Amino acid sequence: GGPSSLSRFRGALVAAVLGDCVGGEFEGAEEVPMESVLQHLSNLDDETKGNGILEYSDDTAMARCVVQSLLTRAGFDEQDMARRFAKEYSMSPGRGYGSGVIQVLKKLSSPHLSDVYQPAKDQFNGRGSFGNGGAMRAAPFALAFPDPADVKRCARQGAMLTHSCSLGYNGAVLQALAVHLSLQGAIDKPQQFMSRLITEMEVVEGNEETRNDARILKEAEKPFCERLHRVRDLMDRSKVSIEEVISELGNGIAALHSVPTAIFCVLHCLQPRECLPANYGGLERTIAYSLALGGDTDTIACMAGAIAGAHYGIEAVPQSWIRCCEGAEDADMNAGRLQMLYRRS
Ligand code: 8NA
Ligand code: MG
Ligand code: MG
């Protein structure tokens with residue numbers, strides 16, 4: 001479909017859920033052979049295997065809260081969103097949340113809380129979390145607002161409800177921007193897409209908080225910009241091994257070690273690759289490749305899925321995968337509602 005078509009909205013929200021659900025199988029694994037990934041994915045096509053439904057984890061649970069809040073409040077309302085995160089956690093605490101964020105979610109459910117951003121600020125001795133938990137749920141912001149200024153501001157504020165370190169919330173801004181650009185067809189020109197992301201992130205990271213956090217954590221002055229330059233260098237290479245991707249970009253639970261990685265997965269899989277089946281389309285390649293990196297597979301595949309889904313559209317998503325994943329049909333319904341909000345803004 002054309003820029004901002006319904007197909008792209010549906011692809012983004014649905015493929016994010018698929019990445020989370022199919023990625024759960026390998027989460028935390030150090031090495032994931034591609035054969036294991038392909039076996040896992042081919043089981044989804046084989047209904048006789050009856051491996052039941054693959055459940056979604058914290059990534060989708062929190063993204064659903066973001067979607068419901070944006071739709072119900074017809075925009076960003078931090079009080080409402082915080083309440084939904086807290087309620088979702090108390091109803092299903094077993095979705096694989098990060099060990100730190102659980103404390104924030106418990107505090108957010110207190111009726112006496114006056115500042116919804118305070119619990120996140122108290123994390124890690126006042127430094128705040130740099131985990132990818134803000135980024136993993138950032139895609140819906142790109143699907144709710146057409147203006148990139150709104151996308152950046154709301155993705156940042158939405159992430160700060162749990163992640164107050166700039167290396168956490170700036171990852172959410174980057175992920176939302178990547179989905180925003182992809183929705184408009186910007187990945188048709190991958191080099192320009194990367195240049196636009198870098199230009200945007202130069203501004204996003206050009207402030208005192210980012211410089212401070214980066215210095216304390218011994219990162220480059222503009223950590224996400226530096227990683228995006230690495231993505232661009234890897235894109236230009238004809239052959240890149242999985243080991244090189246992991247050592248250059250990472251596959252971990254920090255936003256810095258996973259958001260640029262997810263972006264790379266999408267760009268690397270625009271073309272057919274030797275290690276991936278020839279009958280796979282780009283979206284299937286992206287998800288499979290994300291899983292083969294190991295580490296935080298559900299979250300990297302979820303973020304890569306959102307960006308790739310916005311690029312290829314819903315037609316690229318295998319029906320059999322949708323049927324196997326909890327929450328995928330729901331995401332499909334909500335994508336249309338988000339597009340209505342997007343068009344109204
Ligand atoms: P979080 O805010 O608890 O952060 C995740 C982890 O990152 C923390 O538990 C810490 O170990 C570490 N961390 C974050 N900030 C700091 C800091 N300032 N100083 C020192 N350590 C820090 O949780 P989240 O919402 O960011 O979740 C991130 C990931 O954890 C998600 O992928 C989610 O799925 C989950 N998770 C990951 C795995 C895995 O093996 N990759 C397993 C279970 C859950
Ligand atoms: Mg998860
Ligand atoms: Mg994860």
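Four donors count as tetrahedral if all angles lie between 85 and 135 degrees; four count as square planar and six as octahedral if opposite donors are over 155 degrees apart and all others between 65 and 115; anything else is irregular. Donors are N, O and S atoms within 2.8 Å of the metal (3.2 Å for Na, K and Ca), with water not among the atoms.

This is a predicted model, where local features need pLDDT of at least 70 and side-chain atom pairs pLDDT 80 or more, while totals for chains, interfaces and linings use all residues. Residues are numbered from 1 along each chain as written, chains are lettered from A and ligands numbered from 1 in written order, and side-chain values use heavy atoms, without hydrogens and water.

The magnesium ion (ligand 3) has 6 donor atoms at angles of 69 to 169°, and its site is irregular. Glu-27 (OE), Asp-296 (OD), Asp-298 (OD) and Thr-299 (OG1) coordinate this ion at 2.1 to 2.6 Å. Along the chain, the donor spacing is E-x268-D-x1-D-T. Asp-298 also bridges to the magnesium ion (ligand 2), 3.4 Å from the magnesium ion (ligand 3).

Polar contacts are pairs of N or O atoms within 3.5 Å.

| Residue | Part of residue | Ligand 1 atom | Distance |
|---|---|---|---|
| Asp-58 | side chain | oxygen | 3.1 Å |
| Phe-130 | backbone | nitrogen | 3.0 Å |
| Asn-132 | side chain | oxygen | 3.3 Å |

The protein covers 79% of the 830 Å² of accessible area that ligand 1 has on its own (Shrake-Rupley method, 1.4 Å probe).

Note on methods. A polar contact is a pair of N or O atoms within 3.5 Å; within protein, one must be able to donate a hydrogen and the other to accept it, and residues adjacent in sequence count only if both atoms are side-chain atoms.
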